[in-house]
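Hello,

Here is the structure I said I would pass on. My notes on salt bridges and on one helix pair follow below it.

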Amino acid sequence: MTLEELYLTVSIGGLVLLASIVGTRVATVVGFPSLLLFLLVGVAIGEDGLGLQFDDVILARNVGTAALAVILVEGGLTTRFSDIRKVLAPAVTLGTVGVIISTVITAVGARLLLGFDWQLALLLGAIIASTDAAAVFSVLRVLPLPRRLAGLLEAESGFNDAPGVILVLMFSVVPFVFKPEHAFTDLIYELAGGSAIGLVIGYLGAFGLRRIALPASGLYPIATFGLGLVAFAAAGDAHTSGFIAAYLAAVVLANSGLPHRSATRSFAEGVGWLAQIGLFVLLGLLVDPSELAVDVISAIVIGLVLLLVARPLSVVGTLIWFRVPWRDQAFLSWAGLRGAVPIVLATFPIVAGVPDSSRLLNIVFVLVVVFTLIQGPSLRPIAHMLGLISREATREIQVEAAPLDMLDAELLTMTVQRPSRLHNVTILELRLPDPAVITLIIRDGHTFVPEPDTRIESGDELLIITTSKTRAAAEARLRAVSRRGKLAHWFDEYGELE
């Protein structure tokens, strides 16, 4: 490659990246899923658009696998263990056993309704069985779900990529011979081995970073992120699951009290966005739109089987033992978002040489596009309909502020709605747990610092600073007073999540 070609390639890449970032802002305003925007950018500059030819499936698989590892590390580094601790068991069960149930049911549907042979049917089921981490994490950033439900969704998306990849690799063997007893032992070995490697690297990395003084603060986020990628590679070299190793190592590192936590999260989110944009644009390039029309009906049929049968049965079948509320189960059944993961997994059987497997890529691409358009915009209305989103839920604000980071502090915002009994309560009467404090009130477009005798009014937006340790207690107190007034504790109202 000459320097001129290098400059041209970098220019095109930079323009595509900037266009994707600007488009993300527009997509967010109009409620259009950003992942579809990135896919469409890839399609637009591809063979049927501006004419850029790309058909290297092996490169797409390798780059896609690395990008998924980056996305999982980012998800782990932005996960609070306190959010997923109580739902860890159901999340692991849903992310493993649930994937198997979805795979089997979808495969039966593909066999009966589409006439696929068993290898292609099982492959299709395994490819689309797991939810997409990038899609789920992006939803959780803007949808103020209850902690238990958000944690369950987040942990499931972090765990279920691993069994999905393992199943796809099992079914991609040519000639196809499936032995259930060997498949079960292989699945257990890869998941257990990957989990062990991820936890060990996470704990060792946290131990080392707490005791090594790096010459620049900017090196801590890079080192933390690098440890997640080391876990992914080490687990892969050991023939275990690199995906689960990367996620668990990142979760351990994020919750070990390491310095510069806010900077690490911001760095992780930036790298995660870069991986998402590059991955979706690449996958959009790989697909030839002129070949998709013949598989549209097949994609819609199998998507309906997944959305209306396989996903609900996998949720009910795995969570029935954990007494998860029916409203949560209903939302989880609908919120099984698919994105880049199925498209990347669809390249595995093509590389392995499975006959007629290229058709799976077209089916999965159409399925992701169509059902993301259906599911993505509908999540907020469905959450409201099920009563899962409180109108006065606090939302975290990410800010770059060293004092907040040093104090392990967090900045929250909350809007006081009309029915709330926070109305007319003074700051002093609110009695937030120390050191939580309302630092600013925005009222009718004007901002001011409240005094102890300042009365809160309906429509106020409150800015609250609290620490990680007192955040849950502060949110509980706000909910309690909002429900029963300043004497909430006299009515045995302690703001517990419903």
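**Salt bridges**

R443 and E457 form a salt bridge, with their closest N and O atoms 3.5 Å apart. This is a predicted model. The pair joins distant parts of the chain: R443 lies in strand β3 (residues 437-443), and E457 lies in the loop between β4 (446-448) and β5 (461-467), 14 residues apart. R443 is buried, at a relative accessible area of 17%, whereas E457 is partly exposed, at 34%.

R443 also forms a salt bridge with D460, where the closest N and O atoms are 2.7 Å apart. D460 sits in the loop between β4 and β5, 17 residues from R443. Because its relative accessibility is 1%, D460 counts as buried.

Another salt bridge is made by the side chains of K486 and E429, at 3.0 Å from N to O. K486 is in the segment after α21 (471-484) and E429 is in helix α20 (residues 427-430), 57 residues apart. K486 is partly exposed, with a relative accessible area of 37%, and E429 is partly exposed too, with 23%. The search of the whole structure finds eight salt bridges.

**A helix pair**

Helix α8 (residues 147-159) packs against helix α15 (residues 326-334) at an angle of about 35°, and their axes are 11 Å apart. The crossing of α8 past α15 is right-handed. R148, L149, L152 and L153 of α8 make the contact with D328, F331 and L332 of α15. By class, five of these residues are nonpolar, two are charged and none is polar.

Regards

How values were computed
Residues numbered from 1 in each chain as written. Predicted model: local features only at pLDDT ≥ 70, side-chain atom pairs only at ≥ 80, totals over all residues. Heavy atoms only, no water. Axes fitted to C-alpha atoms, helices over the stretch in contact; angles between N-to-C directions. Helix = DSSP H or I, 4+ residues; strand = E, 2+ residues; numbered from the N terminus. Left-handed = near helix turned anticlockwise from the far one by under 90°. Contact = heavy atoms within 4.5 Å. Nonpolar A, V, L, I, M, F, W, Y, C, P; charged D, E, K, R; others polar. Salt bridge = Lys/Arg side-chain N within 4 Å of Asp/Glu carboxyl O. Buried < 20%, exposed > 50% of the residue type's maximum accessible area, 1.4 Å probe, protein only.
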